[in-house]
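Hello,

Here is the structure I promised to pass on. Please open it first, then read the notes below.

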Amino acid sequence: MEIRPILSALMRSKTGAILVAVQVALSLAILANALHIVNVRQEVAARPSGVAAEGDVFHLLARNLRPLGHNEELALQKRLAAAARAVPGVVSVAQVSQVPLSRNGSNSGFAASRKQENSSAIAAVYITPDPLIKTWGLQLLEGRDFTPAEIVEIDQNVTEEFPPQVIVTRAMAEKIHPGGGSALGMPLFLGTGEGAQQLQVVGVVERLQSQGAEVGDKGEYSVLFPVRLTGDGDTLLTIRAEAGQRDRVMKEAEQAIRAATPDKLIVRLRTLDEDRDTRYRADRAMSWMLITVSALLLLVTASGIVGIASLWVTQRRKQIGVRRALGARRIDILRYFLTENFMITSVGVMCGVLLALGLNQLLVSQLEMARLPLPYLLGGAAVFWLLGLGAVYGPAWRAASISPATATRST
């Protein structure tokens with residue numbers, strides 16, 4: 001087919017062609033980046049927390065309404081943990097200061113040297129006197145778990161001096177001392193300056209997300225301390241139930257906890273699945289919003305192409321009739337409009353690719369987004385080429401169906 005007649009016709013109807021090309025370019029730029037963001041958010045939301053079989057784990061927070069002394073609170077914590085362990089279907093129980101994905105807890109700064117002015121990493125601090133690695137099923141890569149002799153009982157109203165032994169995540173070890181090598185025995189300090197406390201790394205776990213579950217490696221900066229802590233009246237127990245028994249165990253654990261002490265307790269239960277759902281609720285909402293916007297953009301773009309093509313068919317009825325009278329077949333008319341639309345869409349796609357890269361660069365610089373992979377651009381281009389051909393096919397078929405007598409009749 002001759003391209004020159006198509007270009008000549010487009011030059012006489014520049015406005016419609018420009019509008020379609022601009023619409024395709026804007027839609028492609030937004031669609032590619034929106035789907036990339038959706039995919040990134042889904043990958044972030046699906047990250048493993050480090051806790052094995054999350055669906056079997058729940059947390060129980062017991063708050064005593066009566067002020068307790070250090071020894072009395074210690075006794076209560078041990079009594080509540082023992083009551084939870086006695087519930088049928090409980091695999092393991094550990095007292096802990098906070099839980100991953102909960103968006104509630106504490107962080108501390110850690111450094112590789114006392115000479116540093118700033119911390120090397122801000123990490124989530126998990127304080128536990130129990131076998132937390134067993135309860136959560138954490139993967140121990142190096143070293144060992146805490147020994148009973150290393151567990152220290154501390155009243156946080158009296159001192160904040162923690163024992164030196166710690167277990168860190170692999171991401172934390174690599175952040176403090178990049179370059180590989182064993183993390184056991186590496187220099188690690190709680191805080192900075194001359195007053196920083198030197199710590200001893202006795203174990204490294206593969207991963208354990210922080211309570212904030214931040215995006216990137218910093219979401220796995222975590223440190224475990226072997227401490228039984230008192231001073232706030234709260235006892236947070238994390239409990240692993242047998243597979244499929246979690247909901248029943250939750251009810252019975254609450255009853256056992258309340259029966260373990262004559263004091264009145266405020267008891268709150270929450271599953272790790274609920275923590276994950278709450279943590280990524282906003283991400284899922286944004287993903288659905290972007291998917292909806294993308295679908296609307298495709299619909300609007302298709303409608304625009306149909307509208308312009310239908311207008312051109314109406315305007316060119318006499319020309320189509322003349323061509324049919326001179327021997328043009330239906331397939332020739334159909335191919336003419338499909339080729340014309342493909343050319344317009346191609347211009348829009350090329351501009352859209354450049355615009356998508358520019359928009360992504362802005363997102364990378366301002367919001368620390370990941371760079372847009374090439375498959376999103378290629379996939380977006382293919383989508384709009386197919387969308388353009390599909391949208392113009394109806395008007396093009398109607399044009400090809402026009403008879404010479406009808407098209408050339410004077411109005």
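**Helix 3**

Eight names to find in helix 3: Glu-73, Leu-74, Leu-76, Gln-77, Leu-80, Ala-81, Ala-83 and Ala-84 are buried there. Keep in mind that this is a predicted model. The helix runs over residues 70-85, which makes 16 residues. From first C-alpha to last it reaches 23 Å, close to the 22 Å expected.

**Strand 2 and its partner**

Strand 2 covers residues 90-95. Of its 6 residues, 5 are buried, so the strand is largely enclosed by the rest of the structure. It pairs with strand 11, residues 234-241. The sense is antiparallel, and there are 5 bridges.

**Asp-56**

Ile-239 turns up again here, as one of the contacts of Asp-56. Asp-56 sits in the loop between helix 2 (14-45) and strand 1 (57-64). Leaving aside neighbours within four places in sequence, Asp-56 also touches Arg-240, Ala-241, Glu-242, Ala-243, Gly-244 and Arg-246. Is Asp-56 buried or exposed? It is buried, yet it has no salt bridge. The nearest side chain of opposite charge is Arg-240, 4.5 Å away.

**Salt bridges**

The count comes to 20 salt bridges.

- Arg-66 with Asp-263: the closest N and O atoms are 2.9 Å apart. Arg-66 lies in the loop between strand 1 and helix 3, and Asp-263 in the loop between helix 6 (246-259) and strand 12 (265-271), so the pair ties together parts 197 residues apart in sequence. Arg-66 is partly exposed, with a relative accessible area of 37%.
- Arg-258 with Glu-254: here the closest N and O atoms are 3.2 Å apart. Both are in helix 6, 4 residues apart, which means about one helical turn between them. Arg-258 is partly exposed at 38% relative accessible area. Glu-254 is partly exposed too, at 24%.
- Glu-206 with Arg-207: the closest N and O atoms are 3.7 Å apart. Glu-206 counts as partly exposed at 25% relative accessibility. Arg-207 is also partly exposed, at 23%.

Which residues do shared partners join into one network? They are Arg-170, Glu-206, Arg-207 and Glu-220.

Best wishes

Methods:
Residues numbered from 1 in each chain as written. Predicted model: local features only at pLDDT ≥ 70, side-chain atom pairs only at ≥ 80, totals over all residues. Heavy atoms only, no water. Helix = DSSP H or I, 4+ residues; strand = E, 2+ residues; numbered from the N terminus. Expected span 1.5 Å × (residues − 1). Buried < 20%, exposed > 50% of the residue type's maximum accessible area, 1.4 Å probe, protein only. Lys, Arg positive; Asp, Glu negative; His and termini not counted. Salt bridge = Lys/Arg side-chain N within 4 Å of Asp/Glu carboxyl O. Contact = heavy atoms within 4.5 Å. Pairing = 2+ DSSP bridges.
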